[in-house]
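Biologist: I'm new to this one and would like to learn how to read it. Could you take me through it feature by feature?

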Amino acid sequence: MGSVDGQLVPIPINLTTINKLYGKNLTSDEVVDFLASKAEARKIVLTSEDVVLNVVGKELYEKFFRGYTKKQWDLDPSELDASVTARVPTRTNSDDRYFTDTLQAMPKNGYTEMFQRMLSHENIHIMLNTNYKDIEGIIPHKKLIYTGPIDGYFDYQFGKLPYRSIDFKFETLDQENYQETGTINYPTSNLYTRITEFKHLTGQKHHKTAIVYEYPTAEGDPYYPIPRKENQEVYNQYKKLAEETPDVYFTGRLGTYKYYNMDQVVAQSLALFRKIIKEENAVQQ
């Protein structure tokens, strides 16, 4: 949900969002015409602003996208690549899901246990609080899969790529629930972008609840590569170096400087695995 004009409405924008915001009772067919009347056609779509104005127009752009984007990226949508807001669909039906995948689920016992089981293998050794540069010459290996920032791997020789991070502020509250759904976004108000209440996601039953506020920041762990033309040009120089570095493979958001969703990162990693196996089989033959 999103907190817009003093009420909670579905995000991404859908039929219910429009009817609630404008006090209407439009059908799916009618909302198509409504959005078309609001849209500002852009012949060339280059920026995140272009994407949104082209679909929903200025008013909904201001209510849902401009302020949220400015908080999240510290940039106006007109300064960001079109891919950022293109990730967010606009629907003419009442589907209020962010993704439309047929199968959507949480790990049965949570992500912590899932990763513990994945890492619990005799061939896997974990070293925490360890800088890769301190051990790269110590641990013998045939191939390296690198998921850290690609510019850091190459000692920032073409300059440092910018990233955005998040400062998470957790609270435990002595009440059953805090909000009516798992995540509520704040596109125009407050310094945080959203509040998440985990019980809605996990199905836990407890007389207390835990919430987290998300404050975007330029400092901290690198979470989000910033999709801009000038950043892509710097990354392309690192990518060329990566392609020339034998037996080192870069993957993930940081390794490929791409704003991927979780399922996309998993798919990318599985594809990389298949590529490495195929290369090894070709050498053996």
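**Loops and backbone angles**

Modeller: Let's start with P12, which sits in the loop between β2 (7-9) and α1 (15-22). Those element names follow DSSP runs numbered from the N terminus: helices are H or I runs of at least four residues, and strands are E runs of at least two. This is a predicted model, in which local features need pLDDT of at least 70 and side-chain atom pairs count only at pLDDT 80 or more, while totals for chains, interfaces and linings use all residues. Residues are numbered from 1 along each chain as its sequence is written, and side-chain values use heavy atoms, with hydrogens and water left out.

Biologist: What is the peptide bond from I11 to P12, cis or trans?

Modeller: That one is cis, with omega near 5°.

Biologist: Which residues other than glycine have a positive phi?

Modeller: D5 is one of them, with phi near 55°, and D5 falls in the loop between β1 (2-4) and β2. N190 is another, with phi near 70°, and N190 lies in the loop between β5 and β6.

Biologist: Is N190 buried, partly exposed or exposed?

Modeller: Go by relative accessible area: buried means under 20%, exposed over 50%, and partly exposed in between (1.4 Å probe, protein chains only). N190 has 39% relative accessibility, so it counts as partly exposed. K20, in helix α1, is at 42% and therefore counts as partly exposed too.

Biologist: What does K20 touch, beyond its sequence neighbours?

Modeller: Contact means heavy atoms within 4.5 Å. Setting aside neighbours within four places in sequence, K20 is in contact with Q7, L8 and V9. K20 and W73, by comparison, are 28 Å apart in space, C-alpha to C-alpha, and 53 residues apart in sequence.

**Strands**

Biologist: How do I read strand pairing?

Modeller: Two strands pair if DSSP finds at least two bridges between them. Take β4 (residues 163-173): β4 pairs with β7 (residues 209-217) in the antiparallel sense over nine bridges. In that pairing, F170 has V212 in β7 as its bridge partner. β4 also pairs with β8 (residues 224-225), again antiparallel, over two bridges, and there Y163 stands opposite P225.

Biologist: How many bridges join β6 to β7?

Modeller: Four bridges, with the strands antiparallel; R194 stands opposite E214 in β7. β6 (residues 194-197) also pairs with β5 (residues 183-185), antiparallel over three bridges, with I184 and I195 as bridge partners.

Biologist: How do I check the length of a helix?

Modeller: Its expected span is 1.5 Å times one less than its number of residues. Helix α9 (residues 229-243) has 15 residues, so its span should be 21 Å, and its end C-alpha atoms are 21 Å apart, which agrees.

Biologist: Which residues of α9 are buried?

Modeller: N231, V234, Y235, Y238 and A242. They cover an arc of only 100° around the axis, which puts them on the same side of α9; the arc is that of the directions from the helix axis to the C-beta atoms. An α-helix has 3.6 residues a turn, so residues three or four places apart point the same way. K229 and E243, on the other side of α9, are exposed. The buried residues pack against α7 (150-153), β9 (248-250) and α10 (252-256).

**Cores and the whole chain**

Biologist: What makes a nonpolar core?

Modeller: A nonpolar core is a set of buried Ala, Val, Leu, Ile, Met, Phe, Trp, Tyr and Cys residues joined through side-chain atoms within 4.5 Å. The largest one here has 23 residues, and W73, I150, Y153, F154, L161 and F250 have the most contacts inside it. The elements giving two or more residues to this core are β3 (144-146), α7, β4, α9 and β9. α9 gives the most, with four residues. F154 touches Y238, L241, A242, T245 and F250, not counting residues up to four places away in sequence. A second, separate core of 17 residues includes I18, V56, L60 and F65.

Biologist: How many helices and strands does the protein chain have?

Modeller: There are 11 helices and nine strands. Of the chain's 285 residues, 36% count as buried. Among contacts between residues at least 6 apart in sequence, 61% join residues at least 24 apart. The C-alpha atoms fill a box of roughly 65 × 55 × 40 Å, taken along the principal axes.
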